[in-house]
Amino acid sequence: MAFDKMELRDIEVWDGNFAAAQALRQCQIDVVAAYPITPSTPIVEGYAKFEADNFVEGQYVMVESEHAAMSACIGASAAGGRVATATSSQGFALMVETLYQSSGMRLPIILNVVNRALAAPLNVNGDHSDMYLGRDSGWIQLDAYCPQDAYDLNFIAFKIAEDHDVRLPCMIHQDGFMTSHTAQGVKTLTDDEGYNFVGDFQPMNDMLDLDHPVSHGVQTEEDWHFEHKARQHNDLMTKVFPKVQNAFDAFEKLSGRKYNIVEKYDMDDADVAVVCMGTSVETAREVATEMRAKGIKAGVVGIRLIRPFPFMQIKEALEGVKAIATLDRSAPGGAPGMLFNEMAGALFNSDTRAALSGYVYGLGGRDLTKKHLVDLYTELQANADAGKVLTPLQQFIGVRGPKLSYL
Amino acid sequence: MLEIRWHSRAGQGAVTGAKGLADVVSTTGKQVQAFAFYGSAKRGAAMTAYNRVDDEVIMNHEKYMEPDYVFVIDPALVYTTDVTVNAKADTVFIITTHMNAEELVASQPKLEGKNVHTVDCIKIAQETIGRAIPNTPMLGAFMKISKMYDIEFFKENMIRVLGKLPQKIIDANMLAIQRAYDEVK
């Protein structure tokens, strides 16, 4: 069955959702099984339309829940196809059980997660609660900061996940509404460039290879369970980083666009740095540039690869910085915050003795303004001058009512 | 950086209008951003949409904006929401209404001393497109006030943006854009 190719302009004005849908079309997914949920709906809706209009040679499977969506993806991937889907928030939460199944079964499924708050109270807007919920699931997690990233990282994700030395599922995160529903210029690849970058799907241990029967989804008790989990962790810790780097390098060669495991902006001589993810990285970059004009040596560290966590690269990126703020966009649930904890862990065994403070911001889509970031950098400069954190270790940015701080 | 805020009701096409404008501007080599506050996303609910235009890639993702232009595409929003919020001294307002600017300012004192232009996008849309979808006429009015692009260039590009619609609807939109361009005061 032949399918039609699509002529794209060099730069299209797309939101993050449509950029991801177009990337999935160009990668020619065999099976998309999905249960649409705001704000990720247009990704799978877009793919379904491409399929209906004969732009892809694949199968769109309608299911009754997100749990079923990922279950169908697992079946299709185990059978030997290229598989992807998308979800957000409550749908992601319902998928959690099957996320662990797909990573444990070493199935290279691609999941676009359009980050959204978790209820209650119900909220459709963007924060990182769902992204944080997935961080121990054994998936690779890549983070997009804008629609261009959401497009590019889909190609990169297939390249990494489907590599036979990796064979792990991969999430591509983008901020709900702030990226998913924000239209910006996206530089495109032609259909041939995009497809050739990911290449034909190379099955491994596929169930439809009837000459080589295999079992998927087996039971192992104390005799083998630990070895399986340890091997999966070993591959995440040792094999994924070089493959991610190779994929970034190959993509740069193809497109000229450079991605890094840890994104460093103005960090070479930075005294103060903000560590964050999602759209906030770009807003912080703009503010850091403005702070430098005011004489504050400000920098930004963006986490591009969230899992496996780039412990060593983070340590290197923050070397010599005097004051660091971590920005967590998820309710920390009685803890200092994921990024704060990870930075503390990475820095504790380094020579960098920075004043490290954590901030919780942007829950349920609350705006992070440039003014917030100007105040934050100013606070960090005071910490840098004093050589210690002058505020409580955990503060909230942008929440109404009395200023909240802990620790 | 050029910044625009749209005041609309959900269903009147502000998001499509903002994205359409971004698409046309992008073809001229500028960097663009178009987004919206959906709120509870009920048809008819007041909502806002936004455009940013710059020579450099737009990295600012804050929703806060002090707009250079404010477009109001539903006449009642001038009274039920504050369309002047975060405005600058030189912010230009283009407002859909059957009144002239003087009558409008008299009816909404918050617009006193502001740079206010009026055009009846609702009437124009009803008479051309046949439905009260006032988004494309607003862009015609904007072309006149801002002198951003030649109106023929803009219409040509909007034909491409509206590409998938039936020819009759595209023709009606072109008529609406031209009428708003001619009629805005």
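Between chain A and chain B an area of about 1,800 Å² is buried, and carbon and sulfur atoms give 51% of it; buried area is the accessible area (1.4 Å probe) that two parts lose on being put together, summed over both. The model is predicted, so that local features need pLDDT of at least 70 and side-chain atom pairs count only at pLDDT 80 or more, whereas totals for chains, interfaces and linings use all residues. Residues are numbered from 1 along each chain as its sequence is written, chains are lettered from A and ligands numbered from 1 in the order in which they are written, and side-chain values use heavy atoms, with hydrogens and water left out.

The contact between the chains (heavy atoms within 4.5 Å) takes 23 residues from chain A and 18 residues from chain B. Two salt bridges are counted between chain A and chain B, a salt bridge being a side-chain nitrogen of Lys or Arg within 4 Å of a carboxyl oxygen of Asp or Glu. A salt bridge joins the side chains of A:Arg9 and B:Asp23 (2.8 Å, N to O).

Strand pairing also links the chains. Strand 8 of chain A pairs with strand 2 (residues 31-37) of chain B in the antiparallel sense over two bridges; two strands pair if DSSP finds at least two bridges between them, and strands (E, at least two residues) and helices (H or I, at least four) are DSSP runs, numbered from the N terminus. A:Ala183 has B:Ala34 as its bridge partner in strand 2 of chain B.

Within chain A, the domain assignment, which is automatic or from a database, gives domain 1 (11-255) and domain 2 (262-406). The C-alpha centres of these two domains of chain A lie 28 Å apart. At their interface, 30 residues of domain 1 of chain A are in contact with 29 residues of domain 2 of chain A. The area buried between domain 1 and domain 2 of chain A is about 2,300 Å², with 59% given by carbon and sulfur atoms. On the side of domain 1 of chain A, A:Tyr132, A:Tyr145 and A:Phe241 lose the most area to domain 2 of chain A, together 35% of what that side buries.

One salt bridge is counted between domain 1 and domain 2 of chain A. The side chains of A:Asp149 and A:Arg304 also meet in a salt bridge, at 2.8 Å from N to O.
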